[in-house]
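Please keep the sequence and the 3D view at hand while going through the points.

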Amino acid sequence: MYRNTNKKIVHLILIITTIFIIVFIVGMFLLKYQVEGETNMPFKLTKISIVQSVEGNEVEDTEDMWNFNVNENNDIYIYIEKNAGYGKTEIIDSVKIDNIKFIKNSDKGESKIYKPTTDEKRMFINSQENEITEITYSGELESNIKEQKISNQGGIVAFRYSINNLSQYISNSNNEIDHSKLLQLTNIKEEDIQATISFNITITLTTKRQYQAEVSINIPAKEVIEKGTNGIEITDFNDVIFKRIEN
């Protein structure tokens, strides 16, 4: 009887030890996934380009020679490419940008998000009909940013973050106005423009698998104040972690 009891104890210890090892391995796997996310996705984020510009909108019904409301625009282009090392062919069904948030150091102006316009000459227009809180690009044979279409094998999605009515320029001088200098002329400082904008990007495949990550971008100010335009490229995405969304 004593020997049988010892065998049962040893057997119980082995079971408990095995369960502990399994739980530990699963826990380590989940922890690693939380830290690293998907390490071999069919599509990957390769670049974000930000095109900054200054825009002066003329105020109507005024007696002043020059009267402009000044906007600062940030056109954000997100590049998604096929992962050559994935090994299988997948097809993009859609790419969605949502949960868009912005943190500013200043309360000057009105922060807005816009979709591309259908206007032939311009990519974005700051109008109420183009204002959005989220945007979805459908996977198609060919990309068309204005129609919110992305190639189902990778392409570009875009939206605009603007600070409208950031300042106002009024003058009765006969001199022509250099719109690129409007921020300087209205004494806008770097802290009036600097912001952090974050959003979720969700890539959905035709197999219904979904991959989602949060992206955060710092919006600079110095160059666009001095020059009226600025171009930024971001290629380091070590802090961007894509994870599978369970359907």
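1. A residue is called buried under 20% relative accessible area, exposed over 50%, and partly exposed in between, with a 1.4 Å probe and protein chains only. Thr39 counts as exposed because its relative accessibility is 65%. Thr39 sits in the loop between helix 1 (2–36) and strand 1 (43–58), where helices (H or I, at least four residues) and strands (E, at least two) are DSSP runs numbered from the N terminus. Its C-alpha atom is separated by 9.9 Å from that of Tyr86, the two residues being 47 apart along the chain.

2. This is a predicted model, in which local features need pLDDT of at least 70 and side-chain atom pairs count only at pLDDT 80 or more, while totals for chains, interfaces and linings use all residues. Residues are numbered from 1 along each chain as its sequence is written, and side-chain values use heavy atoms, with hydrogens and water left out.

3. The protein chain holds four helices and eleven strands, and of its 247 residues 40% are buried. If one takes contacts (heavy atoms within 4.5 Å) between residues at least 6 apart in sequence, 72% of them join residues at least 24 apart.

4. Strand 9 (residues 210–219) deserves a separate look. Its covered face carries Tyr211, Ala213, Val215, Ile217 and Ile219, whereas Gln210, Gln212, Glu214, Ser216 and Asn218 belong to the uncovered one. In a regular strand, side chains alternate between the two faces of the sheet.

5. Which strands pair with strand 9? Pairing requires that DSSP finds at least two bridges between two strands. Strand 8 (residues 195–205) pairs with strand 9 in the antiparallel sense over ten bridges, and strand 11 (residues 243–245), also antiparallel, is joined to strand 9 by three bridges. Tyr211 stands opposite Ile203 on one side, and has Arg244 of strand 11 as a bridge partner. The hairpin of strand 8 and strand 9 has four residues between the strands, and there Lys208 takes a positive phi near 75°.

6. A search of the whole structure, on a 1 Å grid over the protein atoms alone for sets of points where a 1.4 Å probe fits but cannot get out, finds one cavity of 30 Å³ or more. Its lining residues, those with an atom within 4 Å of a point, include Pro42, Phe43, Tyr86 and Gln153.

Key: On a 1 Å grid over the protein atoms alone, a cavity is a set of points where a 1.4 Å probe fits but cannot get out, and a pocket is an open set with protein on both sides within 12 Å along at least five of seven lines; lining residues have an atom within 4 Å of a point. Grid points are joined across faces, edges and corners, and a volume is the space filled by probe spheres set on the points.
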